[in-house]
Amino acid sequence: MAANHEIEAPSGGCHMCLAIPGKIIEIAQENPNWALVDVVGMRRRVDLGLLEDNRPVSGDWVLIHVGFAMSKISETDALDQIRTLEMLGESQAAAEEVRGYGLEGIEDQQVP
Amino acid sequence: MKYVDEFRDPELITRAAEEIRRLADPNRHYRLMEVCGGHTHAIYRFGLKDVLPENIELIHGPGCPVCVLPMGRIDDGLSVAKQPDVIFAAFGDMMRVPGTHGSPLEHKARGMDVRIVYSPTDAIKLAKLNPQKHVMFFAIGFETTAPSTALTLQRAKAENLHNFSVFCNHVTIIPAIRAILDSPDMRLDGFIGPGHCSTVIGCRPYEWIAKNENKPIVVCGFEPLDLLQSIVMILKQLQNGEAKVENQYKRVVPWEGNRAALKAMAETFQLRPYFEWRGLGFISQSALRIRDQYAEWDAEQRFEIPGIRVTDPKAAQCGEVLKGVLKPAQCKLFGRECTPENPVGALMVSSEGSCAAYFNYEHRKTNLLTSISALV
């Protein structure tokens, strides 16, 4: 069961409009749609299913939205995007979102 | 000078602002709509209105998914979750959105099993973790978010996951723009086109705005410079008597969009004949429903949905604000009965909503004004 405090403080950012840059560390051998991605200093599994036509490889940067990589971007643009999030005051919301991917810290205590 | 120092290239900002002043005809009043709520947020956050000449008015568009969702849909979703052994899963943005009898968060306080997920695939994970319960994911968003729900539906079907469904509230941006252009009290000169939504749909779907409506539209990024450059591009078109679709956000938005995303959406969703939008009323073919092949994962086909319709509180003027007819502060409830802490209307709930953006940044205006005008 999710602890109450986790649900009581959803941050101000609109997650449905956030696009967070991340760098692909590794693509899962068992499933090419799963990538381990470094996002704002955290490593999370991100879904590559929407980039079927333009598959990224390790080391590529992608823009992530609700756990899915939605487009490949250059490193320069990724770093600019991180700055934009900071300027928009959204970097905390982005970090919170990314921390939540995979129900980390929310449900993992229940994983059998 | 805090905010100015944060700008990537203050010199370019200054130049873009100067060019806007040069291009804007002082005898003309320009009304430009930023369609996307992310842009509304950025415009207030950066105090861009204070950099623009007075005759350039920015009208906030309908591109905030939380804001345009009618309260009845929240009530409908919560009514499913009132059934025993149902978990209501949604993005954090939804948690404070008021339904008739309170927000999802307030329902949680009264004992409903409500969970935040940050990705629709995590709702699948939640279902696997709770095999004795049913997880209903309350899906919301424009084309930016709909492909993620589409892939999630495909995964649920492929895995034959029976205790999971989606309550689909996805809407599409083009019919909303059309409804606004058809609105008799609306006069617009051009559009700042959505950024991340266009990553999926590309730029082609906007061509009718240029061709048939004779209005410029520039797909735009989220930095202050992006917004100013897009305004420059719109003003240049207007000066030359042109109307075309331009892409200022090429670094992220491909002209053709994301084909894999569009394919996943086409396979799982079909257009609803009509859908109600808060403030805009019923708009035909403006929302997505789940295809019959995925009926088992469609909460609307699986559960009894009451189909609740709720009129907005009379005093709240969300509709007029949403259409850009009224400015947020012109609403009778703004800042008094309706605040981000205690929102009456949805425009005050999401930080992308024009009322919340206006409320949150208005008090900083003086600081920003001082710092940015020092540049311009």
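Okay, let's start with chain B, where buried residues make up 56% of the 376 residues. Keep in mind throughout that this is a predicted model.

So what does chain B look like overall? It has 17 helices and 13 strands. Its C-alpha atoms fill a box of roughly 65 × 45 × 40 Å along the principal axes. For 376 residues, a compact globule would have a radius of gyration near 21 Å, and chain B comes in at 21 Å, which agrees. On contacts, take those in chain B between residues at least 6 apart in sequence: 76% of them join residues at least 24 apart.

Now some helix pairs. Two packed helices are described by the angle between their axes and the distance between the axes, and I'll go through two pairs that way.

Pair one is α2, residues 10–23, with α12, residues 224–239, both in chain B. Their axes come within 9 Å and cross at roughly 25°. Anything under 35 degrees counts as roughly parallel, and α2(B) and α12(B) are therefore roughly parallel to each other. The crossing is left-handed. On the α2(B) side, the contact is made by B:Leu12, B:Ile13, B:Ala16, B:Ala17, B:Glu19, B:Ile20 and B:Leu23. Facing them from α12(B) are residues including B:Leu225, B:Leu228, B:Val232 and B:Leu235. By class, that contact splits into 12 nonpolar, 2 polar and 2 charged residues.

Pair two is α3, residues 37–45, with α16, residues 354–362, again in chain B. Here the axes are 9 Å apart and the angle is about 15°, so α3(B) and α16(B) also come out roughly parallel to each other. The handedness of this crossing is right-handed. From α3(B) you have B:Thr40, B:His41, B:Tyr44 and B:Arg45, and from α16(B) there are B:Ser354, B:Ala357, B:Tyr358 and B:Tyr361. Those residues divide into 4 nonpolar, 3 polar and 1 charged.

Last stop: B:Gly307, in the loop between α14 (299–302) and α15 (318–322) of chain B. Buried or exposed? Exposed: B:Gly307 has 11 other C-beta atoms within 10 Å, and the cut-off for exposed is 12 or fewer. If you want a distance to go with that, the C-alpha atoms of B:Gly307 and B:Met186 are separated by 30 Å, with the two residues 121 apart along the chain.

That's my tour. Happy to take questions.

Key: Residues numbered from 1 in each chain as written. Chains lettered and ligands numbered in written order. Predicted model: local features only at pLDDT ≥ 70, side-chain atom pairs only at ≥ 80, totals over all residues. Helix = DSSP H or I, 4+ residues; strand = E, 2+ residues; numbered from the N terminus. Rg over C-alpha atoms; globule rule 2.2 N^0.38 Å. Buried ≥ 20, exposed ≤ 12 C-beta atoms within 10 Å, placed from the backbone. Contact = placed C-beta atoms within 7 Å. Axes fitted to C-alpha atoms, helices over the stretch in contact; angles between N-to-C directions. Parallel < 35°, antiparallel > 145°, perpendicular 65-115°, else oblique. Left-handed = near helix turned anticlockwise from the far one by under 90°. Nonpolar A, V, L, I, M, F, W, Y, C, P; charged D, E, K, R; others polar.
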